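Let's take a walk through this structure together. Have the sequence and the 3D view ready as we go.

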Amino acid sequence: MSATAHSASPATAAAAGAAPQSAALRSFEAQWHARRAGPLHALRESAMQRFVQLGLPTMRDETWRYTNLRALAAHAYVDAAGDAPAAALQSDSLRSPALRIVNGVPCAADRARLLENGLEIMPLSELLRGDPVLLRGFLEPLSDADQQRWALLNTALFVDGLYIRITARLAAPLRLVHVTAGPGAAHPRVIIEAAPGSAATIVEEHVSHGDADSLCNSVTQIAAGAGAEIEHYRIFRGGPRAAHIDTLDIRQAGGSRCKQFTICLGGALLRTNLEARLEAAGAALDSYALLVGHGSRHADCVNIATHSAPDTRSRQTARIIASGDSRVIFNSKVIVCTGAVRSESMQSCRGLLMSPAAEIDTRPQLEIHTDEVKCAHGATTGRLDPDMLFYMLSRGLDRRTAQSLLVYAFLADVMTDMSPAAGRDSIDSALLAQLPESDLLRGLR
Amino acid sequence: MSSKPQDVEALIGRKYQHGFVTDIESDSLPPGLDEEVVRAISRKKQEPAFLLDWRLKAFRHWLTMREPQWAHVHYQRIDYQDISYYSAPRTPANAPKSLEEVDPKLLATYAKLGIPLHERARLAGVAVDAVFDSVSVATTFKDKLAKAGVIFCSFSDAVHHHPELVERYLGSVVPAADNFFAALNSAVFSDGSFVYVPAGVRCPMELSTYFRINAAKTGQFERTLIIAAEGASVSYLEGCTAPMRDENQLHAAVVELVALDDARIKYSTVQNWYPGDENGIGGIFNFVTKRGECRGRNSKISWTQVETGSAITWKYPSCVLRGDNSVGEFYSVAVTNNYQQADTGTKMIHIGRNTRSTIVSKGISAGHAENTYRGQVKILPSAEGARNFTQCDSLLMGAKCAAHTFPYMEVKNPTAVVEHEASTSKIGEDQLFYCLQRGISQEDAVNMIVSGFCKVVFKELPMEFAVEAQNLLSVSLEGAVG
């Protein structure tokens, strides 16, 4: 198909009668118009149309009530894809062997190096040629829920992406490094399919290159087959002016186990969504969030686990530290559908406020539609326990060291559950760098 | 608890006991709402100009507002033009000055409810300001209270006799434009209760009001204002029953509490309005705004509620802890059965230093009911050393009911400690088995387990209410387990 102007598209028509659009929304529409129509045009157009209808989320939307996107909305984003500077590919944060994805486009050279038995990796453009039905299955709009609207935008605007199929038990972790380079908006898309009985550890790291205002709107979808075991990490290490909105969609078949870590160590504005569906008996999810609010960072983490089958289990653990004038929000929700009897869920959320200007907002929610369940949650927010501090001081430690140690120990609940192979040490080091008195702590390790 | 075997089928089939309509002539306005209706209400009540202005301001603001959609409840849109906004029982010439002058039909109504007014008042030592629809018809124990300096009267009386207090405190806790239903109430409120406890006075008795909604198609818009001056303390009881009717009725009340330095207010509610029938037809829409402000140092406001009635409950009794060292408490039992929906909880806003709050919420859901706890704890940067503890537990009875927990915790001060815990489960099979094995019937066993679940809240209720609440609970859950 040739390049077509979409000026008469329903997307624009729908928006015509709506409230005045923000600069960001207009720039997304401009990006959409600049895209060439391909085989997925109809699907993408309907996604764009929905996104424009919904508009950018505001604080009136229940799941966005703590995150103000006004600054983001006022920014006009150009398309970041296609013009990745060579320097971005040489960034030091990239350690080999890793598959680099720059502004959503996978780096072909890396792919060849990573291939092993039981692992298939191909760009979405290739999958579209080989198995368009499979791709469509993943791209159909996920849901109408307001937290999914950025996934709709990603569906409309992604340039390319990655399809990963795991068919065996992989020994080494698979590392993906997403680089958002230069100003503009990138829409990376990753689809991971784990065949029944397979096992893998996947580490997705998001970094930004350059100091410009950038926006990364990433979507990762994981489909875990029966009995599959997936350990997934998403680590956010964007620059001080990077805005990142990430959507992670996990679907779990019977007996599958998924361990998911969300680690926030960077970026100016970060919003992460996790929507996990436990679709058959025996599916189990362990989700961990480690959110560090540093400087004036705004981090908003939304985790939703839906139990739609009997005998499913979910556990959500969050540890939050907020210092400087940062604001960290943790919003977790467990939904137990009618008929999902003997579901078990546990949410634990602890926040540590380190400075008078910082703020932590937590919302551990339960939505239960059947009676035979065991669901509980606990949440606390406060400062370091003065008794513990006193104990350390009485043992001869100075106040600064004692505080740092306690903070570090506070995060241990999440750290100890990470597997060493997944690069626990490097996550640990990056985390230490953001804690007060990091040098002291490093010396104690 | 009765020990004789009960016929569960008969219990399930039992209809709402308090459902009847008393045949009294009412002086009502035709359905509809515009500025003229607001003026007419104010005129009928011969209100001073400041109150009319306040009502009109609220009404104009209400016109710009949209009905809130965020609550986890579903109902058909309310046609606000199809409601009559004023209804007063017509009594001979002037208002009665003693119980003997009260319309005997009214007294009979109370007798049917099991609360013979004078009997109960004398025996229990409770002053009853009974609100029958919208106008106060009987007030007792005025003398005793007057001796202590306590003002306890209907809102209309307060407007006429103590306009300076009303002008000073009305809307100071719940502003006229606070939310959609509060704005509507501010514009058209008909009557309610007014309590002023002067400085240093401990109110000599528990104050109580029995509410009833009576005339068909009449929304009830109560306004309650309670002020405890420096060092004063008062306990206020509110209990409600409503007659059975097939059309949904709107109830949008506003309750404001003000506690000055060292003052204490305890506000207890047992709400048992008509919940609709077993198919979810009819029932009261209870959209209430209740808020207390601990304005002074060391003040305390305590809310206790037992919510068993209403088709839809939308209610968040809140505390604004402005004074240093002030304390807010919220104890709640919410029971939903059949197709009832409840979205209830509290808000604790910590502003002053060393403010403390406790939230204990017990939700019980049976049949096809939806029971939601929604609570907000907000610690502002000024709330040095603030402390909150929240516990909300849900009990599910039946595979088709639902229980939700939506807490909001916002902490902006690092010296604060906020704790929240929640659990959801059904009645344990082992607990039931244990009771049945000892010869206790299923119905009684369930009642016993549920009572135990709610005990921590019931013990906060004044004596008179604790018994009533316990009975209500077992009546509400009849047939839920079988």
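Predicted model: local features only at pLDDT ≥ 70, side-chain atom pairs only at ≥ 80, totals over all residues.

Residues are numbered from 1 along each chain as its sequence is written, while chains are lettered from A and ligands numbered from 1 in the order in which they are written.

Start with chain A. It has 13 helices and 20 strands; these are DSSP runs, with helices being H or I of at least four residues and strands E of at least two, numbered from the N terminus. Of its 445 residues, 51% are buried, where buried means that 20 or more other C-beta atoms, placed from the backbone, lie within 10 Å of the residue's own.

Chain A splits into domain 1 (3-280) and domain 2 (384-445), with bounds that come from an automatic or database domain assignment. Where they touch, domain 1 of chain A puts in 10 residues and domain 2 of chain A nine; two residues are in contact if their C-beta atoms, placed from the backbone, lie within 7 Å. On the domain 1 side, β10(A) gives the most, with four residues. By class, that side has seven nonpolar, one polar and two charged residues. Here Ala, Val, Leu, Ile, Met, Phe, Trp, Tyr, Cys and Pro count as nonpolar, Asp, Glu, Lys and Arg as charged, and the others, Gly among them, as polar.

Now for the inside. A nonpolar core is a set of buried Ala, Val, Leu, Ile, Met, Phe, Trp, Tyr and Cys residues joined through C-beta atoms within 7 Å. The largest one has 219 residues, and A:Leu291, B:Val195, B:Ala228 and B:Val234 touch the most other members. Both domain 1 and domain 2 of chain A give residues to this core, so it lies between them. Apart from it lies another core of 15 residues, including A:Trp32 and A:Met48.

Finally, how do the two chains meet? The contact takes 32 residues from chain A and 33 residues from chain B. On the chain A side, β19 (359-368) and β20 (373-382) each supply at least two residues. β20(A) also pairs with β24 (residues 417-426) of chain B in the antiparallel sense, over seven bridges; strands pair if DSSP finds at least two bridges between them. One place to look is A:Thr381, whose bridge partner in β24(B) is B:Val418.

How values were computed. Buried ≥ 20, exposed ≤ 12 C-beta atoms within 10 Å, placed from the backbone.
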